[in-house]
Amino acid sequence: MTDFSQKHLLGIDQLSTSDIETILDLAGDYAARLEDTSFKTDTLNGKRVLSLFFEDSTRTRTSFEMAAKNGGADWVNIDIEHSAVKKGETLLDTVTTLQAITRPAAIIMRHSEYGAPSLIAGHVDCPVINAGDGTREHPTQALLDALTILQHKETLRDLNIAICGDVAHSRVANSNMILLTKMGANVRIIAPENLMPEKFPVDGIAKFKTMEGGLKDCDIIMMLRLQKERMAEGTITSENAYFSEFGLTAEKLALAKPGALVMHPGPVNRNVEIADDITDNPARSLILKQVANGVPTRMAVLDLLLGNK
Ligand code: CP
């Protein structure tokens, strides 16, 4: 038994530090056990998980599916592109219809609307897990990022962590700002003026408009994807100009602490956000570790919300 008391996972903003520690402890345990590639549990036996991705995904959807199946759950994936959504069915009608058909133990949902998973949580009788809602939150991304950092650092407390790039459109940045601040890290944002949000989801975030100014003393540098699909045309003058000012190169990385580690939630726009020689350097880049940690982190979340334990 744990003291985890949440019914849904809609955002990091709703989690206590104790909830976060409980998830990360279990995720860390699963990460170690998954070294054995045949590892499975039976904690989700007899449960059905419904996957509703209204936006594209490679990492989040695949690792949730792996996590559900590793726990013994049945996985029902809805192909939204070929569903009655295309005939104009409302979000709520779609979800309540699919709930009646599949009787899920949990719904995993990604949607472009800010707060869509919270809306659905008010109309269904099972846990809803937010897999990304518009520019608001992507809670399991922040949890897997924290797990990845903790595999390289003893604690999050007092680490200097820079989140850099297209912060204005980033739900990953929001969830990370909330989680890392709650856990005692010093978070700073580095972004061009027109990609800097007007306000941050928590207090105490330092703000820099240049990489040269913001990278000093950083332990961890989280680079973000330029979210062109959410951006007005002309927001950036060109990818080359953006890379020159805000792309992470070996020269800019040298401004951070020696051995500073680089993260990116993916998908990466190569040589726009990070130079390839850093992206592909396993001594500095944690990107593939982040994606691998999606599975144990999502196993932990599913267990704590609907497991048989
Ligand atoms: N980081 C992330 O959410 O990636 P996907 O869009 O591939 O799920």
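Two strands count as paired if DSSP finds at least two bridges between them. I took helices (H or I, at least four residues) and strands (E, at least two) as DSSP runs, numbered from the N terminus.

I am working on a predicted model, where local features need pLDDT of at least 70, side-chain atom pairs count only at pLDDT 80 or more, and totals for chains, interfaces and linings use all residues. Residues are numbered from 1 along each chain as its sequence is written, and side-chain values use heavy atoms, with hydrogens and water left out.

**Sheet.** I counted 11 helices and 9 strands in the protein chain. I then looked up an open sheet of 5 strands, which runs E7-E6-E5-E8-E9 with parallel pairing. Its edge strands are E7 (206-208) and E9 (261-263), each pairing on one side only. From one strand to the next the twist averages 20 degrees (axes are lines fitted to C-alpha atoms, and angles run from 0 to 180 degrees between N-to-C directions).

**E8 and E9.** Strand E8 covers residues 220-223 and pairs with E9 in the parallel sense over 3 bridges. I found Met263 in E9 as the bridge partner of Met222.

**Whole chain.** I checked the radius of gyration, taken over C-alpha atoms, against the globule rule of 2.2 Å times the number of residues to the power 0.38. The protein chain has 19 Å, which agrees with a compact globule because one of 309 residues would have a value near 19 Å. The C-alpha trace spans about 55 × 45 × 35 Å along its principal axes. Buried residues (under 20% relative accessible area, 1.4 Å probe, protein chains only) make up 57% of the 309.

Terms used:
Buried means under 20% relative accessible area, exposed over 50%, partly exposed in between (1.4 Å probe, protein chains only).
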